[in-house]
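I opened my notebook to record what I looked up in this structure, one topic at a time. The entries below follow the order in which I went through it.

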Amino acid sequence: VSNAGASSFGQSLRRSRDRAVLASCVVALLGYGFSQESVVMPALFIGTCVLGFVVTGRERGSGMPRWAANTLVGASILGGWYLVREGSSVVSTFLLFLSAVLCVKCWQARREADAGQMLSLAVFLTIGSVLDNNSLGVGLCVLLQTAAALWANLLHQVQATRARVIPDEQTQEALVSGTGDNDAWRSLRRPLRRLTILFFVLGSLIAGVVFVGVPRGQLAGAMGSMAVPIRGRITGLAESVDLRLGGTISESGAAVLEAELTAANRAGIVGGEGLPQYLRARVLDDYDGGRWVSMVAREDGWRTYRTQTGIVDLASIGSSAMVLRISPRSQAWGEHQPVLTLWRPAQADFHGATEVRFDPESGVIRQTYAKDRQYTVVCVQTPTRERLPERGSVSFKVAGVRDMAGEILRRGGFEPDPLRRDPEEDSRVVRVLESYLTANYAYALDTPPPPIARDPTEYFLTTGKAGHCEYFASALAGMCRSVGIPARVVAGYLANEFDPSTGRYTVRARDAHAWVEAMVAPGVWRTLDATPVATGGFRAARRDNLLSWLGTVVGDARAMWDSSVVSFDFQDQLKLFGLDPSRRSAVRRGVARAIEKLQRLRQGNPDAAQTRPVGWRRTSTTVAWGLLAAGLCSAAAWALRRWWTRRGTNEEPSNPGWAWRGCDRAVGGLVRELTQLAKSRAPDRAPGETLGAWLTRAFAREPKALEVVLEALSLAESARFGGNEHGPALAAARERIGTVLNARTTGAG
Amino acid sequence: VDEARVISRLYHFHLPGVAYCGTTLVLVLGAINGQNNLLFWIFGLAVAGLILSGIFSGWGLMGLRLARHAPAVGRVGEPLAITYTLRNRNRVFPAFAVEVRELSKARSWTLRVHRSAWQELVPVPATFVERVPRRGESARTVLVTPNKRGVARWGTVRASSTFPMGLTRKSVTFVQAGTTLVRPAALEVDASIVERVRGQLRRRERPRPTPDGDEFLALREYAPGDPLKTLDWRATARLQRPVTRTFTPTRGRRVWVVLDAGALRWAPQETIERGVSLAAGCVQLAQQHGWTLGLAERLGEDRLRVLLDASERAGQDGRVLDILALWSPADTPRPAQRGRPHDGDAVIVIAPHAAAQPGGPGDREIGIACGSAGGS
C-alpha cells in the first residue's frame with residue numbers, strides 16, 4: 001500500500017481534469033462572445049471563471065459556500081426573467097444566464113459532482129451559442145469544444161469512478177492498494193490522449209456523415225421559430241430599418257438565393273459582372289424616430305389572391321418588362337415574406353398553389369406559404385395603379401436634416417423650396433444630394449448606436465458621418481423629402497455576384513442592402529444609392545477596410561464557411577450525391593402530392609386540401625410536438641419507475657451488521673427465535689399459516705407469554721421498515737420473552 | 001487461482017444517458033425545424049458520441065476476466081486483504097476506469113440467481129482500476145475490515161465502467177465461489193483470571209490416580225476415595241490386597257473455556273458478542289501461557305456440551321477460534337465431540353453477569369469466572 005503514490009496519482013488526475021473542465025468553460029464563453037458579437041461581457045466572464053478556478057483550486061473545499069452560490073443562481077434566474085419581460089431575446093438571455101451560472105460554479109467550493117455539472121453547462125452554452133448564431137467563430141468554438149469536452153469527459157469518467165470507490169482519500173485511500181502513482185498517471189495519460197484524438201477524428205467523421213446525410217428542407221419551421229439562428233442569416237427581408245441598432249448588418253456569406261434575369265421579349269439574359277441589380281423586397285415610406293417602416297403594412301392595404309395554379313396577374317406587361325427568376329437557397333423564410341422583384345411586379349408564377357398578397361401602392365408582393373419554392377416575377381418599370389404622392393406635399397420632420405439639405409442645394413445653386421423650383425430640376429437635385437453623401441461620408445459597419453436623445457439620421461449627417469447603407473438611405477430619403485421630392489427607403493438585396501457560366505446572380509446574406517427611390521417626375525421613381533461602396537460590393541469593401549492579409553484570410557474563411565456549411569442545403573446534398581438538382585422539384589412534388597392525399601383522406605375535401613396547405617403545417621407541428629412530448633414523458637416515466645423500483649432496495653448493501661449499526665440482524669434473530677418457540681410448542685405449521693397465527697396456536701394455553709411474543713413479533717415486523725431506532729425496543733422485547741419464559745420454567749408465573 | 005466465470009454482460013442505462021438521449025432528440029428536432037446547419041453538425045457529434053460510447057465501452061469490457069484471491073481466514077477488526085486480478089484479453093482496446101465491486105446477488109444469462117453472504121460481515125469490497133492494458137493484467141488489493149464474525153461466502157463480483165462518455169454503465173458480472181471465515185475479535189481478559197487459572201493449574205501438579213491419564217505410571221496401595229475402575233484387579237488378586245493403578249497427568253495444562261449458552265440465549269446480541277470475544281481473548285491467553293485449550297458450552301444446570309476437546313495438536317487455538325466464529329447460544333444440534341474436562345482442569349466460565357437483573361442497567365455486562373472442573 002502506497003499512500004503517497006496513490007495520493008499523487010489522485011492529485012494529478014484531479015488537477016488535469018479540472019484544467020480540462022476550465023478549458024471547456026473558456027471555450028464555451030468564447031463561443032458565447034462570438035454568438036453575441038460582443039467582447040466585453042465574454043471577457044468579463046472568462047476572467048471571472050479563470051480567477052475563480054485559481055482561487056478555489058488552491059485549497060480543496062475552499063470557495064464560495066453553496067448557499068451563497070445558490071442565492072446568486074436564484075438572482076440570475078430573476079434577472080433573466082426580468083430581461084425577457086423587458087423584451088430581450090429568450091435565447092440570448094438564457095445564454096447570459098448560463099454564463100453567469102458557470103462563473104458562480106467556478107467560485108463555488110467544489111465537489112466531485114460539480115466538475116460534471118460545469119462540463120454539462122459548458123456544452124449547453126456552446127449549443128445555445130449555435131442556436132443564436134452560425135458564424136465562423138461559433139463554428140470554431142464548436143470544434144474546440146468538441147476536443148476540450150472530450151478530453152475533460154474522459155478524465156472526468158476516470159476521476160468520478162475513482163472518487164465513487166474512494167470517496168475520502170484521506171482515510172480511504174489506504175484501503176485500496178496499488179491505485180497508482182506518478183508512473184501510473186503517466187501511463188494512463190498517454191493512452192487517454194491517443195483515445196481523445198481517435199474519438200475526435202472518428203466523431204468528426206460520423207458527424208460529417210450525419211451532417212451530409214440528414215435531408216434538408218423537410219419539416220422546416222414546423223415548430224415555429226425554435227432553433228432558427230437569429231444572427232448571421234437573412235437581414236434583407238427585415239420588416240423595418242431601425243437606425244438605433246447601430247452596426248447590425250449581417251456579414252454572413254451564406255447564399256440566400258439565386259436570381260436569374262431575362263428580358264420578357266426573350267432577348268436573353270440580362271446583367272453581368274460589374275452590373276449589380278437591386279432586388280426590392282420592402283418599401284419603407286414612413287419615418288418615425290429613426291425607424292423606417294412601411295405605411296401600407298395595415299391589413300386593408302393589401303389585396304389577396306388565392307390561386308391553385310400559382311400564376312397571379314397583377315398588371316399588363318409592357319415591352320420593357322423583365323423576368324426575374326428566384327431560386328431560394330436558404331430555408332429561413334418565414335410566412336408572408338416579400339417576393340423579390342426588380343421593379344414593379346406585373347405577373348408572378350409560383351409553380352403551385354399559393355396565396356399571394358399584393359400592395360398596389362408600393363408594388364410590394366408577398367407570398368404566404370411557398371417559402372422555399374422557386375418563383376418567377378415579371379417586372380415592369382411603369383406603374384399602373386399606383387396612387388402617387390404630390391410633389392411638394394412631402395416633408396421631413398427633422399430640422400437638422402432639412403437645414404442640411406437646403407444648405408447643400410443652395411451651395412449647388414438650386415432652390416430648396418419645391419414650389420419655387422422648376423420640377424425639371426428634381427432629377428438633378430437628387431443626384432446632387434446623392435453625390436454629396438457619397439463624397440463626404442464614410443462607409444462603416446462597426447458604428448456604435450447613436451445617442452438616444454438625438455435623431456439617428458441627423459446624428460449621422462451632422463456628427464457621426466459614418467455608417468452603413470441604412471444610414472445613407474435614410475439620410476438621402478430624408479433630404480429628398482426635405483426639399484419636397486417624394487422619396488422612400490427600399491430594403492432588399494444588391495445582387496452583384498454574377499456567374500457567367502450559369503447566367504445567375506448568387507445573392508448572399510451580406511448583400512442585404514437599403515437604398516432610395518425618389519420620384520423625379522410624376523410616376524417616375526428613380527433608384528438612388530448614396531452608399532459609397534455599394535456598386536463595388538461589400539465584400540471588396542471589407543477587404544479594403546481591413547487592409548491586412550489576415551483580414552483577407554479571415555474573410556475568405558468566413559465566405560467558405562458560410563457557403564459550405566451554413567448554407568448547405570438540399571441542392572448541395574443532391575450535388576454531393578451526384579444527383580441532378582433538377583430532380584429536387586420532382587421529389588418535392590411527389591412528397592407534396594402524398595401529403596395532399598393524406599390531407600384529403602383526413603379532411604374529405606379535396607379543394608380544401610389544395611387551397612389550404614396550412615393544414616399540413618398544423619399537422620406536422622402537432623405531430624412533432626407530440627413526438628417530443630411523448631419522448632419526454634416516456635423518459636420521465638422510465639426514470640420514475642426506475643427510481644421507484646430501486647427505492648428501498650439495496651442491491652449492494654453497505655454494512656447492516658448489527659454489532660456496529662443497523663438492526664437487521666436483530667430483527668432476523670428475533671423472528672428466528674419466535675419461530676423456534678412456536679416450533680417447540682406446535683411442531684406442525686399449517687401451510688400458509690402466518691407466524692402470528694402459529695404463535696397464537698402454540699401459546700394458546702399461555703396467555704401472558706402469548707401477549708409478549710405477539711408484541712415482539714409486531715415490533716419485529718415494524719422494524720423491518722424502520723431504522724436503527726427500533727434496536728432498543730427489539731432488545732427489550734427479547735428480554736421480556738426471556739423473563740416470561742424463565743418465570744414459567746421456574747413456576748413463578 | 002482459477003478465473004471467475006462470466007455470468008452476464010449488461011448495459012445499465014442511468015440518468016445521464018437518458019438526459020443525453022433526450023438532448024440529442026431535442027437537437028435533431030431543433031435542427032430540422034430551424035434548418036440550423038451547425039445544429040445538424042452538433043447532432044452528428046451527439047450521434048457519434050452514442051456510437052463510439054457503445055462500441056468502445058462494449059469492446060473494452062468484452063475481453064475482461066477477473067480472479068478473486070480472498071484469504072480463508074480473517075478476524076473482526078483486522079484488515080482483510082482481497083486481491084482482484086483483472087486480465088484483458090482484448091487485442092485492440094484497453095479497459096479504462098473499471099470499478100470492481102462485490103455483489104450480494106446477481107442474475108445470470110440463464111436467469112439463475114447467484115447469491116453471496118458477506119454483506120453482514122464486511123463492508124462492500126470495491127476497488128478501482130484506472131487501466132487494464134490490452135492483453136495485459138492489473139491487480140488491486142482491497143483492504144476491508146470485518147465487523148462481525150461468521151462465514152463470508154463470496155459469490156458474484158461485477159466489473160463495470162462508465163467510460164468513455166458516461167452515458168451508460170457497462171458491466172461484466174463474474175461468479176467465483178469462495179469463503180472467508182471471520183474469527184471473533186479478542187477482548188482483553190482481566191489479569192486476575194490469569195492468576196486464578198495459574199493457581200488452579202499448580203494445584204493439580206501432584207499426580208493423582210486417574211483413569212483419564214495419558215500414560216500408566218505405577219501401582220500403589222488403594223486409598224479411600226479412589227475410583228473402583230482404577231483398581232488393578234489382576235495385581236490385587238496376586239498381592240491379595242487392593243492395588244490401584246496410577247497414571248501420569250495429562251501433558252500440558254488444560255484449560256476449558258465454557259460459554260454459558262443457556263444464560264446467553266436470551267441476552268442481548270451485544271452481550272453474546274462480548275462473551276464470544278472474551279472467549280477469543282482466552283485463546284490469546286492460552287497462546288501466551290502455553291495452556292491446552294478446550295471449548296465447551298453449558299446448556300443448563302447440569303448439561304455441558306464439549307465443542308472441542310482440549311488437545312495439544314497443532315492448530316488447536318485456530319480450531320477454537322473457528323468454532324467461536326460460528327458459535328451461537330441457540331440450542332441447535334451439533335455433532336458430538338469426544339472428551340470432557342478432567343478433574344483439576346482449569347475452567348473459565350463466560351456468562352452474563354450474575355448480579356445483573358434482566359432489564360437493569362448491568363444486564364449487558366458479561367461475567368467471567370474461573371474454577372476447577374472438579375468443583376462447583
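Which order do the four strands of the open sheet in chain A have, and in what sense do they pair? Keeping in mind that the model is a predicted one, I wrote down the order 4-17-20-21 for this open sheet of chain A, with antiparallel pairing. I then looked for its edges, and found that strand 4 (277-284) and strand 21 of chain A are the edge strands, each pairing on one side only. For the twist I noted an average of 40° from one strand to the next.

**Entry: the hairpin at one end of that order**

I looked next at strand 20 (residues 512-521) and strand 21 (residues 524-528) of chain A, which pair in the antiparallel sense over five bridges. Going along the pair, I found Glu517(A) opposite Thr527(A) in strand 21 of chain A, and I listed Arg526(A), also in strand 21, as the bridge partner of Ala518(A). As a reminder to myself, side chains in a regular strand alternate between the two faces of the sheet. Strand 20 and strand 21 of chain A form a hairpin with two residues between them, and in the turn Gly523(A) has a positive phi of about 85°.

**Entry: helices on the four-stranded sheet**

I looked up what lies against these strands, and found that helix 10 (residues 426-440) of chain A lies across strand 20 and strand 21 of chain A, running at about 15° to strand 21. Helix 12 of chain A packs on the sheet as well, touching strand 17 (487-495), strand 20 and strand 21 of chain A, and its direction makes about 15° with that of strand 20.

**Entry: a three-stranded sheet in chain A**

I turned to an open sheet of three strands in chain A, and recorded its order as 2-6-5 with antiparallel pairing. Strand 2 (241-242) and strand 5 (286-288) of chain A each have a single partner strand, so they stand at the edges, and one side of each is left without a neighbour in the sheet. Strand 2 pairs with strand 6 (residues 291-293) of chain A in the antiparallel sense over two bridges, and I noted Trp292(A) in strand 6 as the bridge partner of Val241(A). Helix 12 (residues 469-482) of chain A packs on this sheet, where it touches strand 2, strand 5 and strand 6 of chain A, and its direction makes about 75° with that of strand 6.

**Entry: two helices in chain B**

At what angle do helix 1 and helix 2 of chain B pack? I found about 155° between helix 1 (residues 15-34) and helix 2 (residues 37-62) of chain B, with their axes 9 Å apart. That angle makes helix 1 of chain B roughly antiparallel to helix 2 of chain B, because an angle over 145 degrees counts as roughly antiparallel. I also noted that helix 1 of chain B passes helix 2 of chain B in a left-handed crossing. Among the residues making the contact are Tyr20(B), Leu27(B) and Val28(B) of helix 1 of chain B, and Phe40(B), Phe43(B) and Leu50(B) of helix 2 of chain B. When I sorted this contact by class, I had 13 nonpolar, three polar and no charged residues.

Is Ser53(B) buried or exposed? Ser53(B), which lies in helix 2 of chain B, has a relative accessible area of 2%, so I wrote it down as buried. Leaving aside neighbours within four places in sequence, I listed the contacts of Ser53(B), including Ala48(B), Pro164(B), Met165(B) and Lys170(B). I followed up Pro164(B), and found that a cis peptide bond joins Phe163(B) and Pro164(B), with omega about 5°. Pro164(B) lies in the loop between strand 10 (150-161) and strand 11 (168-183) of chain B.

I looked up Lys465(A), which has a positive phi of about 55° although it is not a glycine. Lys465(A) lies in the loop between helix 11 (456-464) and strand 16 (466-467) of chain A, and I recorded this residue as partly exposed, with a relative accessible area of 41%. In chain B I found Arg135(B), also not a glycine, with a positive phi of about 55°. Arg135(B) is in the loop between strand 8 (126-132) and strand 9 (137-144) of chain B, and is exposed, with a relative accessible area of 58%.

Key: Residues are numbered from 1 along each chain as its sequence is written. Chains are lettered from A and ligands numbered from 1 in the order in which they are written. This is a predicted model: local features need pLDDT of at least 70, side-chain atom pairs count only at pLDDT 80 or more; totals for chains, interfaces and linings use all residues. Side-chain values use heavy atoms; hydrogens and water are left out. Axes are lines fitted to C-alpha atoms, for helices over the stretch in contact, and angles run from 0 to 180 degrees between N-to-C directions. Angles under 35 degrees count as roughly parallel, over 145 as roughly antiparallel, 65 to 115 as roughly perpendicular and the rest as oblique. A crossing is left-handed if the near helix is turned anticlockwise from the far one by less than a right angle, and right-handed if clockwise. Contact means heavy atoms within 4.5 Å. Ala, Val, Leu, Ile, Met, Phe, Trp, Tyr, Cys and Pro count as nonpolar, Asp, Glu, Lys and Arg as charged, and the others, Gly among them, as polar. Two strands pair if DSSP finds at least two bridges between them. Buried means under 20% relative accessible area, exposed over 50%, partly exposed in between (1.4 Å probe, protein chains only).
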